[in-house]
Amino acid sequence: VRSNGLAGKKVLVTAGGTKEPLDPVRYLGNHSSGKMGFALAQACAEAGAEVVLVHTQVELPLPLGVRSVFVRTAGEMYEEVTGRFPETDIVIKAAAVADYRPLTCSEQKIKKSGSHLTLELVPNPDILAELGRKKQHQFLVGFAAETENAVDNAFSKLQRKNADLLVVNDVTKPGAGFGTETNIVSLIFPDGSREDLPRMSKLDIAREIVRVIVSRQS
Ligand code: C5P
């Protein structure tokens with residue numbers, strides 16, 4: 001039996017990896033497949049929420065009943081997410097947002113010269129941290145892909161970004177992380193408590209996260 005625990009709620013989910021352009025044909029990117037975020041959008045829609053999915057280019061079908069907003073860069077994602085935040089109840093930030101972007105995007109294709117090429121990078125805005133500063137009634141869910149000290153890093157991240165729930169996965173574990181069908185995650189809460197989930201499909205993890213959000217948010 002499906003719960004409709006998110007009926008009447010407006011949920012914004014972000015998914016996929018941002019691509020930061022270097023020139024007309026190249027970008028800096030990451031290995032995010034978008035699977036976890038798309039599964040979350042599906043699980044939220046199943047629970048009766050009105051879902052907007054802000055996503056980058058990924059090879060996945062749009063879940064039924066979910067509104068799609070396409071973005072390329074962290075800057076575009078920032079605009080879409082912060083603009084919609086006031087009328088949103090729950091934000092789930094599953095996207096892998098680039099921490100840095102090239103200072104300039106060359107108008108023409110960068111030519112090879114045979115010698116070293118140095119790229120100058122500038123920091124992108126941290127979207128989740130910005131939402132954490134602005135939040136009023138909203139419930140904020142962050143993700144953390146870690147390669148070491150996953151839980152300790154995640155707890156300080158939750159506090160730093162003022163999130164209400166942080167989902168952490170150690171991307172070095174087999175069956176977890178980028179592009180896989182399954183994931184192994186721990187849920188970290190502001191009171192310092194934690195729930196470790198077994199290896200499950202990304203859709204089952206998404207449904208579990210929805211269950212936790214329904215039980216925790218007012
Ligand atoms: O700091 P880190 O990238 O590990 O934090 C991960 C969380 O912060 C994710 O939920 C991610 O979507 C979000 N994030 C963001 N804007 C950034 C970097 C990360 O919203 N520039």
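Which polar backbone atom is 2.9 Å from an oxygen atom of the ligand? I looked this up first, keeping in mind that the model is predicted. The backbone atom belongs to Phe143.

A polar backbone atom of Lys93 turned up 2.7 Å from a ligand oxygen. I also noted Lys161, where an N or O atom of the side chain is 2.9 Å from an oxygen of the ligand. Next came the surface: on its own the ligand exposes 450 Å², and the protein buries 88% of that.

**The shell.** I listed the residues around the ligand, among them Ala95, Val97, Asp99, Pro125, Asp126 and Gly142. Three elements each give at least two residues to this shell: helix 3 (127-134), strand 9 (139-146) and helix 4 (150-161).

**The pocket.** I asked where the ligand sits, and found that the space it takes is the largest pocket.

**Rings.** My search for aromatic pairs gave a count of 0. I did find a charge over a ring: the charged end of Arg216 sits over Phe189, 3.7 Å from the ring's centre.

Methods
Residues numbered from 1 in each chain as written. Predicted model: local features only at pLDDT ≥ 70, side-chain atom pairs only at ≥ 80, totals over all residues. Heavy atoms only, no water. Phe/Tyr/Trp six-rings, centres within 6.5 Å; stacked < 30°, edge-to-face > 60°. Lys NZ or Arg CZ within 6 Å of the ring centre and 35° of its normal. Near = heavy atom within 4 Å. Polar contact = N/O pair within 3.5 Å; in protein donor to acceptor, adjacent residues only side chain to side chain. Areas by Shrake-Rupley, 256 points an atom, 1.4 Å probe, with all protein chains shown as cover. 1 Å grid on protein atoms, 1.4 Å probe; cavity = no way out; pocket = protein on both sides within 12 Å on 5 of 7 lines; lining within 4 Å. Sits in = over half its atoms within 2 Å of the grid points. Helix = DSSP H or I, 4+ residues; strand = E, 2+ residues; numbered from the N terminus.
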